[in-house]
Amino acid sequence: MKGAWSEEDRRHAAALAATYAAAAALALLAAALFILAFGGSIRVAFATVLQASLGTWGGFAQTLNKFCPLLLGSLAVAFGMRGGHFNIGVDGQIYAGAIGMAAVAFGLEGLNLPWPVFVPLGILGGVLAGAFWGLIPGVLRVRYRVSEIFVTVMLNFVALYLVDYLANGPWNDPLAGDAITVPIPKSAVLPQMLPKSGGHMGPLIALAAAAGIYFMMSRTIIGYEIRAVGDNPTAARFGGININRITLVIMPVCGALSGLAGAIEVSGFHQTLLLGLTGPTGAPNYGAMSILIAVIGRRHPLGVILAAAVFAILMVGSDSLQRSIGLPGSAVFVFQAIIVLTVLYVEARRQLST
Amino acid sequence: MGFVFDISLLQLTMVMMAPLIIACLGEIIIERSGILNVGIEGIVTVGSVAGFLGTFMMGSPVLGCLTAMMAGGILSLLLAYFAISMRANQIVVGLGIFVLGLGLSPLSYRLAVGVVQSPPQIKTLSGVPVPLLGNIPYVGEVLFRQNILVYLTYFLVAAVAFFLFKTPLGLRLRSCGENPRAADSLGINVTAMRYGACVVGGFFLGLAGAYLPLLITGTFTDNLVNGRGWLALMLVIFGRWMPLWAFLGALLFAYVDAFQFKVSSLPQMAKAVPPQFLLMLPYVFAMLVLVKVASGAEAPRALTRPYDRESRE
């Protein structure tokens, strides 16, 4: 922070606040319409959302557990966008990270490692697997000029079927049923932060990752270069920045962030590898949510933290609405899109009028 | 290896090809005008639910297809408004539309159908062999013993190719995607052309969605589209923004898709190769193809660039 805000800063902040207030108001209006359409009472429904997500310790822990992958996934998108790269492959990278974690957990099971060694090793396995999954689109973009948008999307499906295979095939737990593996060893389980209500340490790790990204973007040379490429690739290139090198930094870091989310989901939350790790089909999945959270959070770690928190609350709250009035979880997608489009609208309006 | 050229496999290929190429044609029209529509997966998804519900509730596949086209047109119009009039970043708006479509589809399905024990079904269209042509051995059996929507697909591929490259209007449309300023100076209304392309392209995207329940499943499920929109977006590059090349690409992909479908139903194969690896095939194949194709492909030059009459660039 550099001293007091200038007049211009203040005007900018006020405009921003007004934009988001308008967006939130529109999204709430849409929410009210949906609730009415499904025959619920608006007052009861809004109360249910807050009560379910924040009103009890159990609900709060659930919200935190959702906050963790949402934050990491959105960071993985926001970080890429800041450097002009579109990462639509968060789901696949989460799956890759989950596979990495599970592979370490099952592979080193016989060594009887204590958890302070085993858990970080497993998470490292997940981060590396995620980074690898992110490196593929990076390499293809640099080497063959293939858009990372396509490759990340296609790799989502590849990772999904890979998990499908592992969870039904070699690692399957016949007692648990289809598409689920045997539980990972107890010493590979991430310790709990809220032991009674089932909240794991993941959110703290995610916040640390957000702080790391913030530091990298604002205080390091590579962060400066990434921002330069994102703002104006042509100018950056003339300024002597090697864009290929930046791509090969951005994409694996994006993958590593989502991979971390996947590792934490396995180690902390599910404690097994299963299909539907990133959300059941039709319900909001972390990958698609992350894209818009990154936009809503203005591609900045702090904004992303706030937006991810809001949508974690909405996800948990909408789960309970699904049970009580049958509103599908996918409604959260619609709120998200309404907020994004409103923000884009207001900002474009302002841009056009100046 | 008689299996590889099996008639029923090739017939299935034509069915799988239809929704891919229809979506691809819509995207080609839109991109040729200079707008990139990344929301295609979401729009096709909305088309699939609209097509299903329209057919289910009004009892007519024709009305189902029209409903889907309307839905696709409306969503595409929304994209057009942001991309053209508001000059917003087309990729960001497109991603917003993508997620909007993902959200709207299960929501409208639930709203219309409610919570039911067994999901409602519509009848998938049955084949109508073309007289004479359908009797040509092999080729005729593959191409002309199909249902009416597949025939419509053949027609639309030819029609869009003709429109883009042989009509004055098509030339004007392409000029808006290549050099909107030059087009404007010749009296072409760039804004109107781009809006028109988006809406007409949206009709195609919606129709492509309707093809899925009508041709393949007979029901609506949340993962019905399953990346086909993204594949179509990729086919545009594969086809270098030309309908006929995209058509060949769609055939190739549909073949891979149909192949994995048929192979996984063979008992002796199911033991040898886990089905999940067969399911991966189209997506892995897509990446390999992109690597081969992308570096030579020339996009319309003004793609993703909003046009501002008053700017002086």
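## Basis of the assignments

A residue counts as buried when its relative accessible area is under 20%. By that cut-off Arg228(B), at 17% relative accessibility, is buried. The structure discussed here is a predicted model.

## Salt bridges

Side chains of opposite charge can pair when their charged atoms come close. Over all chains, the whole structure contains nine salt bridges, whereas the count between chain B and chain A is zero.

One of the pairs in chain B joins Arg228(B) to Asp257(B), with an N to O distance of 4.0 Å. Because Arg228(B) belongs to helix 10 of chain B and Asp257(B) to helix 11 (residues 243–264) of chain B, the pair ties together parts that are 29 residues apart in sequence. Asp257(B) is buried, its relative accessible area being 17%. A further salt bridge links the side chains of Arg87(B) and Asp308(B) at 3.3 Å, N to O. Here Arg87(B) sits in the loop between helix 3 and helix 4 of chain B, and Asp308(B) in the segment after helix 13 of chain B, so parts that are 221 residues apart in sequence are tied together. With a relative accessible area of 34%, Arg87(B) is partly exposed.

In chain A, Glu148(A) and Arg141(A) form a salt bridge whose closest N and O atoms are 2.9 Å apart. Glu148(A) is buried at 4% relative accessibility, while Arg141(A) is partly exposed at 24%.

## Interface between chain B and chain A

The size of an interface is often given as the accessible area lost when the parts come together. Between chain B and chain A the buried area is about 4100 Å², and carbon and sulfur atoms give 84% of this area. Met86(B), Leu107(B) and Met287(B) supply 14% of the area that chain B buries against chain A, more than any other three residues. The contact involves 43 residues from chain B and 45 residues from chain A.

Three residue pairs across the interface are in polar contact, with both residues of each pair at pLDDT 80 or more. On the side of chain B that touches chain A, the elements giving two or more residues are helix 3 (61–85), helix 4 (90–113), helix 10 (228–238) and helix 13 (275–293) of chain B. Helix 4 of chain B gives the most to this side, with 15 residues. Sorted by class, this side of chain B comprises 32 nonpolar, eight polar and three charged residues.

In soluble globular proteins, nonpolar side chains tend to be buried together. The largest nonpolar core in this model has 221 residues, and those with the most contacts inside it are Leu70(A), Leu72(A), Leu273(A), Ile21(B), Leu95(B) and Trp230(B). Helix 1 (residues 7–32) of chain B gives the most to this core, with 17 residues.

Leaving aside residues up to four places away in sequence, Trp230(B) touches Ile88(A), Ile149(A), Phe150(A), Val153(A) and Met154(A) in chain A, and Val38(B), Glu41(B), Leu95(B) and Phe98(B) in chain B.

## Surroundings of Cys176(B)

Cys176(B) is placed in helix 7 (residues 168–178) of chain B. This residue is buried, at 0% relative accessibility. Beyond residues up to four places away in sequence, Cys176(B) touches Ser33(B), Ala183(B), Ile188(B), Val190(B), Met193(B), Arg194(B) and Ala302(B). The C-alpha atoms of Cys176(B) and Gly73(B) are separated by 20 Å, with the two residues 103 residues apart along the chain.

How values were computed
Residues numbered from 1 in each chain as written. Chains lettered and ligands numbered in written order. Predicted model: local features only at pLDDT ≥ 70, side-chain atom pairs only at ≥ 80, totals over all residues. Heavy atoms only, no water. Helix = DSSP H or I, 4+ residues; strand = E, 2+ residues; numbered from the N terminus. Buried < 20%, exposed > 50% of the residue type's maximum accessible area, 1.4 Å probe, protein only. Contact = heavy atoms within 4.5 Å. Buried area = accessible area lost by both parts, 1.4 Å probe. Polar contact = N/O pair within 3.5 Å; in protein donor to acceptor, adjacent residues only side chain to side chain. Nonpolar A, V, L, I, M, F, W, Y, C, P; charged D, E, K, R; others polar. Core = buried A, V, L, I, M, F, W, Y, C linked by side-chain atoms within 4.5 Å.
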